[in-house]
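Good morning, colleagues. Please look at the sequence and the structure on the screen while I speak.

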Amino acid sequence: APRVGVLALQGGVAEHASMLRELGAEPVLVKTAEQLTGLDAIVLPGGESSTMDRLLRLFGLRDPLRDAVLGGLPTLGTCAGLILLASGIEDPAPGQQSLEVLDVTVARNAFGPQTASEEVTLAWGGGGDVVRAAFIRAPAVTRTGEGVEVLARHRGEVVAVASGAVVGISFHPELTGETAVHRHLLSLVAARRGLPA
Ligand code: GLN
């Protein structure tokens with residue numbers, strides 16, 4: 001089974017781990033740089049991006065994680081995880097940094113404060129697929145760089161992008177039981193191994 005890390009410093013870790021297990025992958029909770037070795041992919045969950053950024057740097061995980069993603073490790077960032085991946089944040093918290101591995105700019109909390117999650121169905125990719133998405137204090141992508149593909153929009157804003165083996169989404173598929181995005185991540189693992197997806 002593919003070993004898929006879930007960054008486990010803060011946020012919605014358990015939901016991603018159980019969805020990965022359900023899809024036949026082996027989730028690996030990642031709290032240290034050592035735990036990055038031997039992974040086939042990684043998920044950066046939702047939560048609070050400024051807190052995750054602070055903990056990443058405190059635990060010496062920022063640079064090793066950045067190197068792994070730049071090295072081609074298939075990566076899925078959801079919500080706060082997308083903010084971590086972005087090369088720019090329009091409205092960072094004081095001192096907030098990001099990994100700068102995905103050439104997009106994001107705006108945090110772009111859909112209002114949303115204390116409860118909002119669930120919607122979104123068109124996904126160009127092939128007629130849809131995903132059930134939950135938005136909670138979600139970011140929007142306000143700029144996409146060269147080679148960044150837009151996979152979904154919500155209320156006119158870009159909410160899902162991909163570049164190489166990096167996928168970033170504003171919403172929470174793990175809260176609606178939506179497996180398409182995680183299956184997409186696992187297909188990137190299979191493609192990298194040269195196996196059929
Ligand atoms: N608004 C949060 C942030 O800035 C993200 C919210 C989420 O991950 N659900 O990190």
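Predicted model: local features only at pLDDT ≥ 70, side-chain atom pairs only at ≥ 80, totals over all residues.

Strand β11, residues 157-163, runs antiparallel to β12 and is joined to it by four bridges. Strands here are DSSP runs of type E with at least two residues, helices are runs of H or I with at least four, and both are numbered from the N terminus. Two strands count as paired if DSSP finds at least two bridges between them. Within this pair, Ser 163 has Val 166 as its bridge partner. Two residues separate the strands of the hairpin, where Gly 164 takes a positive phi near 60°.

Residues are numbered from 1 along each chain as its sequence is written.

Strand β12 also pairs with β4, in the parallel sense and over four bridges; there, Leu 76 is partnered by Val 167. In a regular strand, side chains alternate between the two faces of the sheet. From β12, Val 166 and Gly 168 point one way, Val 167 and Ile 169 point the other way, and all are buried. Buried means that 20 or more other C-beta atoms, placed from the backbone, lie within 10 Å of the residue's own; 12 or fewer means exposed, and anything in between partly exposed.

Which residues does UniProt place under "active site"? The unreviewed entry lists Cys 79, His 172 and Glu 174. They are spread over 96 residues of sequence, yet cluster in space, with a largest C-alpha distance of 11.4 Å. UniProt positions follow the numbering used here, feature names are shortened, and annotations may be inferred rather than shown by experiment.

Cys 79 lies in the loop between β4 and α4, and His 172 in the loop between β12 and α5. Cys 79 counts as buried because it has 28 C-beta neighbours inside 10 Å. His 172 is buried too, with 23 other C-beta atoms within 10 Å. Beyond four places in sequence, the contacts of Cys 79 include Gly 46, Ile 136 and His 172; contact means C-beta atoms, placed from the backbone, within 7 Å. Among those of His 172 are Gly 12, Thr 78 and Ala 134.

Finally, the buried residues of α5 include His 182, Leu 185 and Val 189. Among the elements that cover the buried residues of α5 are β4 and β12. After α5 comes Gly 194, with a positive phi near 75°.

Key:
Contact = placed C-beta atoms within 7 Å.
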